[in-house]
Amino acid sequence: MRRIHRLRNFAVGAAALALFGSAQVGSTDAQSSGQQSFVTTKEGGFLLDGKPFRVAGVNNHYLTFGSSGEVTRVLDDATAMGANVVRTFLQPVIGSLDGRVPTIWNSKSTADSSNLGTKGIYMMSLDPTTNRMVPNDGPDGLQKVDYLIAEAAKRKLKLILAFVDFWAYTGGAQQMNAWYGSSDKYTFFAADPRTRRDYKEWVRHVLSRVNTITGVRYSDDPTIFAWDLANEPDIHPIPLLHDWVSEMSAYVKSLAPKQLVTTGHGNMDQKLADMNIPSVDFGTWHGYPSYAKMSHSDFDARIREYCAIGRNIGKPVILEEFGIPRSDADQANAYGTWLNTIAASDCGGWVVWRLTSTQDSGLYPEDDYDKFDIHNDGSPAWQALRDAALKLQ
């Protein structure tokens, strides 16, 4: 499902961004990322070092633009929960540096990181002279991702990285549309040859990047468990979606054959049809029963249905985003029930939306709209997730 209901109406915080120090290139042998193995797939499941690997994961949306302390606190809390996978998006995306092509979202916000105060960080922009995408390799750009990968490797956490967010909260694919004057959310990005070109150039740049901290090329780094083509690429019409996924997933596989590729699609309505594309290694779906007007038991039945689809196709399936608002008195019990169903169904695993940790202000971010945030606070919801994660180890 689309993320249009999330990340809205948050309170503005005052935390300042602690910029990372200048990174230095290190030898591959000295880095923990060089000591890990790649996750693979076989007969409908994941394998790591020849053993079954079940995903117990967390989403966090600010890991590519938060301060170093905010990033490490999230990774430490993920470890404390027993998670083995962390998912995030390569963001933000802006207009042009000279302002000739406007940025369509509030990149000047002074909010805390969780509430989309990005403090000048951006991953790519448009050069209006050449009308082409320009990546940002600096300390206010992809060096932030270098740091995330290096710190995840230290904790033996795997990463799912989405090449771009489809939604406009920090620019995403919608900003790339706006580079060429389009406000069409659902078709332009996949249909226009310029955005298709820009996307592929971005993918190639990211996968060929050598981490300035670890010295490891992104496409050779086993810390990266998988690439989402995008976060929730809600492309229409459906034949266009499948054409785009087929081309782009094959392109990623050609550049990063050691790593897994998936779509990142919400798939609540598509019933994992994109899993049939040969270059898609596993299926993803995103579920929020309170938005879909589903009961907890109905959602549990949907979990069983999607796990069965994966078994029939012969590929793993991950419930890649899901959440229950803390205002739901049955939150912890529902989490426990659903995740027990995934464990018992031999499904690929789950990645909860979303783990947030204290901001540089020392406070947890406010989440008074969706109320999906999970904290390392010993709450019943935290304990239910921790218990479920430990069961998959």
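Predicted model: local features only at pLDDT ≥ 70, side-chain atom pairs only at ≥ 80, totals over all residues.
**Entry 1. Conventions.** I number residues from 1 along each chain as its sequence is written, and I use heavy atoms for side-chain values, leaving out hydrogens and water.

**Entry 2. H8 and H9.** I took helices as DSSP runs (H or I, at least four residues), numbered from the N terminus. I looked up H8 (residues 296–313) and H9 (residues 331–344). Their axes come within 9 Å and cross at roughly 15 degrees; axes are lines fitted to C-alpha atoms over the stretch in contact, with angles from 0 to 180 degrees between N-to-C directions. H8 and H9 are therefore roughly parallel (angles under 35 degrees). I noted a right-handed crossing, that is, the near helix is turned clockwise from the far one by less than a right angle. On the H8 side, His 296, Phe 299, Asp 300, Ile 303 and Arg 304 meet Ala 334, Thr 337, Trp 338, Thr 341 and Ile 342 of H9 (contact: heavy atoms within 4.5 Å). By class I recorded five nonpolar, three polar and two charged residues; Ala, Val, Leu, Ile, Met, Phe, Trp, Tyr, Cys and Pro count as nonpolar, Asp, Glu, Lys and Arg as charged, and the others, Gly among them, as polar.

**Entry 3. H9 and H10.** I then turned to H10 (residues 380–391), whose axis comes within 8 Å of that of H9, crossing at roughly 15 degrees. This pair is therefore also roughly parallel, and H9 passes H10 in a right-handed crossing. From H9, Gln 331, Ala 332, Tyr 335, Gly 336, Leu 339 and Asn 340 meet Pro 380, Ala 381, Ala 384, Leu 385, Ala 388 and Lys 391 of H10. I recorded eight nonpolar, three polar and one charged residues in this contact.

**Entry 4. Cavity.** I found one cavity of 30 Å³ or more; on a 1 Å grid over the protein atoms alone, a cavity is a set of points where a 1.4 Å probe fits but cannot get out, and lining residues have an atom within 4 Å of a point. The largest cavity holds about 60 Å³, a volume being the space filled by probe spheres set on the points, which are joined across faces, edges and corners. H8 gives the largest share of its lining, three residues. Among the lining residues I listed Gly 44, Arg 311, Lys 315 and Asp 346. By class the lining has four nonpolar, four polar and three charged residues.

Conventions:
Helix = DSSP H or I, 4+ residues; strand = E, 2+ residues; numbered from the N terminus. Parallel < 35°, antiparallel > 145°, perpendicular 65-115°, else oblique. 1 Å grid on protein atoms, 1.4 Å probe; cavity = no way out; pocket = protein on both sides within 12 Å on 5 of 7 lines; lining within 4 Å.
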